Amino acid sequence: MLTTFGSFVLFLRGMVTRTERFRVLWNRTIDEAILIGVDSVVIVSIVSAFIGAVTCVQIAYNLTNPLIPQSTIGYMVREMTILELAPTITSIVLAGKVGSSIAGGLGTMRITEQISALEVMGINSTSYLVLPRILAAILMFPLLVIMAMLLSILGGYLAGTLTGVMTAQDYVEGIRTDFIPYNILFALIKAVVFAFLVSGISSFKGYFTTGGALEVGAASTGAVTNSIIAILIADFALAALLL
């Protein structure tokens, strides 16, 4: 494990020691941002909306005490969404979609010797291929998390009002009760950390792939698994440190 971690640190160091020109790096980052962010909007929207809806219905099902106001449902949906569900679940979904894509793409380039060709031409392959992916993920993950927050709260609103478990006025009152702006910042910090973990681990697994097509598939699977484990560990560490 220590050997792997050391290789990962050296991998990141090589990525920033001799970078490409700013214009090249900018263009590559924008291209990767489209692949990572724009192409993930649909799946993130569906997941977040239904998570908010299910959360609202299940809280209403368990909240049977007549002394507790119905606005508590909206309050709990908001807190669960902002603090945990939006950043963590969104990042886990993106680990499966984006992480496997990054690992598979770099792994294919490695076994077809495209990375070796870049190095022969004097190009720092880690800076040209990996750094834009990491920067794009750090840029797009927080934006997707913000979108997930809004859609999850909206999904809870629609589920609560359409099923008749609560009124729209109670839900809106709940999501406006005791709001703490720092929670938004905390969620965005988590999104940035998760973005780095997913993109960095997936790039590392794909970049050092050896063998053939079977090994590329194994690298993609390993990237997703390790990214999810890293997200869960980082989630606990950030909650313990920042809350």
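User: What makes up the lining of the second largest pocket, by class?

Analyst: In this predicted model, that lining divides into four nonpolar, two polar and three charged residues. Glu, Lys and Arg count as charged, so Glu32, Lys97 and Arg133 fall in that class. Gly counts as polar, so Gly105 falls there.

User: Which elements give two or more residues to the lining of the second largest pocket?

Analyst: They are helix H2 (22–36) and H4. H4 gives the most, with five residues. The volume of this pocket is about 150 Å³.

User: Why is threonine 81 called buried?

Analyst: The cut-off for buried is under 20% relative accessible area. Threonine 81 has 0%, so the term applies.

User: Where is threonine 81 found, and what does its side chain reach?

Analyst: Threonine 81 is found in helix H4. Its side chain reaches the backbone oxygen of valine 77 at 2.7 Å. A polar contact needs N or O atoms within 3.5 Å, so this distance meets the cut-off. Leaving out residues up to four places away in sequence, threonine 81 touches Ala86, Pro87, Met149, Ser152 and Ile153.

User: Why does alanine 213 count as exposed?

Analyst: Exposed means over 50%. Alanine 213 has 64% relative accessibility, so it passes that cut-off. Alanine 213 is found in helix H9 (residues 213–242). Its C-alpha atom is separated by 10.0 Å from that of threonine 112, 101 residues apart along the chain.

User: What makes the space lined by Val47, Ser48 and Ile51, among others, a cavity rather than a pocket?

Analyst: A cavity is where a 1.4 Å probe fits but cannot get out, whereas a pocket is open. One cavity of 30 Å³ or more is counted. H4 has the largest share, four residues.

User: How many residues in the lining of the largest cavity are charged?

Analyst: None; the classes are six nonpolar and three polar.

User: What is the volume of the largest pocket, and which residues are closest to its centre?

Analyst: The volume is about 510 Å³. Of 13 lining residues, Thr4, Phe5, Phe8, Ile201 and Asn226 are closest to the centre. Helix H1 (2–17), helix H8 (182–207) and H9 give two or more residues to the lining. H9 has the largest share, five residues. By class, 10 are nonpolar, two polar and one charged.

Methods
Residues numbered from 1 in each chain as written. Predicted model: local features only at pLDDT ≥ 70, side-chain atom pairs only at ≥ 80, totals over all residues. Heavy atoms only, no water. 1 Å grid on protein atoms, 1.4 Å probe; cavity = no way out; pocket = protein on both sides within 12 Å on 5 of 7 lines; lining within 4 Å. Points joined across faces, edges and corners; volume = space filled by probe spheres on them. Buried < 20%, exposed > 50% of the residue type's maximum accessible area, 1.4 Å probe, protein only. Polar contact = N/O pair within 3.5 Å; in protein donor to acceptor, adjacent residues only side chain to side chain. Contact = heavy atoms within 4.5 Å.
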